Amino acid sequence: MSLSKKESTPPKEMIYREYLQLDKILGAQTCVSGQDGNPPHHDEHFFIIMHQVYELWFKTINFELGSVMASIGAVDFTKLNRVNEKMTRIINILKLMTDQILLMDTLNPAEFMEFRGYLFPASGFQSFQFRILENTFGLKPESRSEFGRKHYRQSHPPEIIEQIEKSEKEASFLEVVDKWLALVFEKEPTAAAFWAKYKKGVEDKIEDTKTKLDNDAKNKEGCDVSDQKAKAEAVWLSVIDGDIHKSKGGRKLSFEAWQGALMVTYMRNKSEKYAQAYRFINFIRDADNLLMRWRYNHILMVHRQIGDKAGTGGTKTGVGYLKETIGDQYRVFRDLFDLNGFLLDPKYLPEYYGQ
């Protein structure tokens with residue numbers, strides 16, 4: 001008796017249009033300016049597509065960033081090459097997003113006014129995907145500027161609010177990177193030796209700075225440099241003393257993460273794994289920079305389009321609110337930029353230079 005095999009259904013032939021669901025995508029441009037009996041305004045079609053494309057990019061970045069975060073949950077340098085590929089994709093998307101704003105300059109402000117009135121109270125402020133991106137990246141609620149005393153959760157259905165709240169509660173990219181950098185330092189066998197050398201270099205730097213200030217004061221009668229010496233010492237001690245680091249307001253990375261980032265920076269030419277780790281840190285800096293650049297270009301575009309008019313979402317002045325989003329409180333990884341100010345001259349750490 002032979003067993004009969006279940007007949008398999010041949011796979012359906014893949015069709016480009018169906019695979020990309022182009023019927024949904026290409027049919028999603030409904031101009032509100034044409035719903036009152038008048039012909040739709042020509043430029044509204046372009047306006048809709050511009051914002052739809054942005055939403056697709058936000059979705060892609062959130063997807064890629066989630067994958068990066070999952071990959072660096074533990075210190076596994078073998079995963080860094082793939083992580084850096086994903087970070088490269090994120091960086092290039094952010095560059096494209098920044099340049100894409102220039103396309104809005106092809107929209108004549110006078111033409112925009114012909115259909116802008118139909119958009120109230122819709123606003124880019126309501127982009128839940130961008131808010132999730134900000135939350136996931138590491139922007140804290142207390143760092144946000146008020147938006148007419150409204151919260152960005154408003155105007156969303158419960159299922160969207162649930163996604164937003166989830167992004168607020170879960171570990172952010174900043175927190176995951178902080179933990180990863182601290183673990184990199186903790187697990188490196190030569191970390192203690194490196195830190196001892198770096199700490200000694202900082203102490204020598206402090207003494208040399210004090211000596212220079214004293215020598216400069218000798219040439220200026222009655223010049224007291226006590227305060228200058230104290231300030232210089234306090235600045236440098238904040239990078240080698242954990243308690244001072246923690247007490248210093250404004251720093252978002254832990255002391256242990258600072259140690260890891262400094263070690264990776266100095267060890268980048270010592271081994272391929274630290275070269276990859278250093279690339280990753282630089283990609284994080286690039287992403288932080290590009291998000292700020294996107295915000296700034298967005299401000300310029302909005303100012304060009306509507307001047308100081310109130311935003312469609314209800315702000316007294318749309319540009320005024322947006323200007324508040326380019327302050328240092330919106331720079332999630334500012335510490336990684338400040339850290340470069342604590343790189344020592346080669347004479348203090350000669351073994352880590354000249355390679």
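Is E134 buried or exposed, and what is its relative accessibility?

Tutor: E134 counts as buried, because its relative accessibility is 4%, where buried means under 20% relative accessible area, exposed over 50% and partly exposed in between (1.4 Å probe, protein chains only). This is a predicted model, in which local features need pLDDT of at least 70 and side-chain atom pairs count only at pLDDT 80 or more, while totals for chains, interfaces and linings use all residues. Residues are numbered from 1 along each chain as its sequence is written, and side-chain values use heavy atoms, without hydrogens or water.

E134 is found in helix α6, helices being DSSP runs (H or I, at least four residues) numbered from the N terminus. If its neighbours within four places in sequence are left aside, E134 is in contact (heavy atoms within 4.5 Å) with L139, R144, R295 and Y330. The rest of the helix is in keeping with this picture, for α6 is mostly covered, with nine of its ten residues buried. Those buried residues are Q129, F130, R131, I132, L133, E134, N135, T136 and F137, so that, because of its 4% relative accessibility, E134 belongs among them. After α6 comes G138, a residue whose phi is positive, near 135°.

Helix α6, residues 128–137, and helix α7, residues 158–169, meet at an angle of about 15°, and their axes (lines fitted to C-alpha atoms over the stretch in contact, with angles from 0 to 180 degrees between N-to-C directions) lie 8 Å apart. That angle makes α6 roughly parallel to α7, since under 35 degrees counts as roughly parallel, over 145 as roughly antiparallel, 65 to 115 as roughly perpendicular and the rest as oblique. On the side of α6 the contact is made by F128, I132, N135 and T136, and on the side of α7 by I160, Q163, I164, S167 and E168.

M50 has its place in helix α3, which covers residues 42–71, and M50 is buried because its relative accessible area is 5%. Not counting residues up to four places away in sequence, M50 touches Q100, L103 and M104. In that part of the sequence lies I101 as well, 51 residues from M50 along the chain, and the C-alpha atoms of M50 and I101 are separated by 8.7 Å. M87, with residues up to four places away in sequence again not counted, touches V68, F173, F280, F283 and I284.

Note on methods. Helices (H or I, at least four residues) and strands (E, at least two) are DSSP runs, numbered from the N terminus.
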